[in-house]
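Q: I have a structure open here and I'm new to it. Could you walk me through it?

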Amino acid sequence: MLKIFNLPDLGEGLTESELLTWKVGVGDTVKVNDVLAEVETAKAVVELSSPYEGTIAALHGEAGTVVQVGAPIISFNLAGDEPGDEPGTAPEASAAQNTGPDAGSASLPDGRVPTLVGYGAAVEGAGRPARRTRVGRPAAPHPVPAGPPAGAPVSAAAGSAGSAGSASPAGTATLTAERPRSTPPVRRLAKDLGVDLARLDGSGSGGVVTREDVRQAAEGARPASDTPLEAAPLEAAPDRGVRTLGGRPRTQEEPIRSVRKATAAAMTASAFTAPHVTEFLTVDVTESMDLLEELRRHRDFRDLKLTPLTLVARAACLAMERTGELNSRWDGDGGRIVRQNYVNLGIAAATPRGLMVPNIPDAQALDLRGLADRLAELTAVAREGALKPAQLTGGTFTLTNVGVFGVDAGTPIINPGEAGILAIGQVRRTPWEHRGEIALRQVMTLSLSFDHRLVDGEQGSRFLADVGAVLNRPGMALALF
């Protein structure tokens, strides 16, 4: 009996995944929960487990291709018959997505179905996942094909539109209106400009409504085409025998996928949503560097990797005690500011997959040794490319260490949903005023960007000054906090 397994919603709210590697081939026999493939989302690499026991009949896609959630990814010849299944029928989403011990069970009472890493809406057939119904707006009739060719399999879902037992006129079906596809900043812009998103046909990828669509609608103009404009191809430069960078071709192209796509979207949304302010503070950290050397020789810390980042992480958690505004969240839709009395400390990390920001939950409750342990653990997992989705969500404040690249300072962009981000510059030996004289000291520049909706200049400055005070004289932490 043939079963088709559609790519499930991996519980991250994403609509596509890139197929990295197949772990099985046609003809292989698999059991429930055997690993079928590795897929890469915008957040992590996830192992796709088998929901069935049987033989691989077909693989739908090659490594390196992008697969939409709900699209067929693999076909099985089942080891035994299952009641209610028909040959060629697409599997129910609950069976396709449940990879636990109860694989193949029905969805939960609230309509959710178990997925690989959480819960998501049931996926019905190929294409993008079903979207939330928009209440109170009548649906418009849309033409649909008169019917499948003779002999073609028909899924149970395809035969019902609307309530059970109802029928649509030949060649048409009444579809429930969907919430317009757009990002929160675009919805905010549409609200400010008085534009009804439901009346727009998005020009973005997959029909997403873009800022330009909203602006043109507000000005009374519509895009000339539903297809986004493409840049004119670059003309190949003549080969002049000139050496290129690294001896590579004069131009190279690569698709925008996974982490790079998600990073671009997140940074653009943050930069044009949160009003950024960046402040700088250069600190004499000689005493902190001396403390690190002393701790590295201490028997309780010999097995740990202690770095300036460890001290800054501890200093930032201490400073949050006095300026919790840097650890808050702006909820514009709810009309409120959420004060978070815990610190899920994000650490921006350059990994083989690109920029990732895993976080240390409840970092405020950890001492210096605990922070060092967690930082070492996150670094190792990030380098292996094995970060899990749960490690990449829920951050409340972020640190980014540009000093490891020999950089003194920068203007970091706030991680979406957070109030601030602190960039740590390199430790540099430089002439510095010390006790009324000029001496060679070790200094560091801190760069703090914060959301001015949540944090005033006074609060941002106090936080930065507190972090600097701890790094300048670590012993002062006993007196200040």
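Q: How do strand 14 and strand 15 pair, and over how many bridges?
A: Strand 14 (residues 328-331) and strand 15 (residues 336-339) run antiparallel and are joined by four bridges; strands here are DSSP runs of E with at least two residues, helices are runs of H or I with at least four, and both are numbered from the N terminus. Two strands count as paired if DSSP finds at least two bridges between them.

Q: Which residue is the bridge partner of S328?
A: S328 has R339 in strand 15 as its bridge partner. The two strands form a hairpin with four residues between them, and G335 in the turn has a positive phi of about 65°.

Q: Before I go on, what kind of model is this?
A: This is a predicted model, in which local features need pLDDT of at least 70 and side-chain atom pairs count only at pLDDT 80 or more, while totals for chains, interfaces and linings use all residues. Residues are numbered from 1 along each chain as its sequence is written, and side-chain values use heavy atoms, with hydrogens and water left out.

Q: What is the mean pLDDT of the chain?
A: The mean pLDDT of the protein chain is 76, and 71% of its residues reach 70 or more; pLDDT is the predictor's confidence in each residue, from 0 to 100. Over residues 82-178 the pLDDT is below 50, and this stretch has 133 contacts in the model beyond near neighbours in sequence, where a contact means heavy atoms within 4.5 Å. Residues 221-237 also stay under 50, with 13 contacts in the model beyond four places in sequence. Where pLDDT is low, the predicted coordinates should not be read in detail.

Q: Back to strands: in what order do the strands of the sheet with strand 5 and strand 7 at its edges lie?
A: Four strands form this open sheet in the order 5-4-2-7, with antiparallel pairing. Strand 5 (45-49) and strand 7 (66-68) are the edges and have a single partner strand each, so one side of each is left without a neighbour in the sheet. On average, neighbouring strands of this sheet are turned by 45° against each other, direction ignored.

Q: And what joins strand 2 to strand 7?
A: Strand 2 (residues 16-22) pairs with strand 7 in the antiparallel sense over three bridges, and E18 has V66 in strand 7 as its bridge partner.

Q: Switching to helices, at what angle do helix 6 and helix 7 pack?
A: Helix 6 (residues 308-320) and helix 7 (residues 368-383) pack at about 125°, with their axes 10 Å apart. Axes are lines fitted to C-alpha atoms, for helices over the stretch in contact, and angles run from 0 to 180 degrees between N-to-C directions.

Q: Which residues make that contact?
A: L309, T310, L311, A313 and R314 of helix 6 meet L368, L371, A372 and L375 of helix 7.

Q: What about helix 6 and helix 8, how do their axes cross?
A: The axes of helix 6 and helix 8 (residues 457-472) come within 9 Å and cross at roughly 135°. In this contact, L311, V312, A315, A316, A319 and M320 of helix 6 meet F463, D466, V467, V470 and L471 of helix 8.
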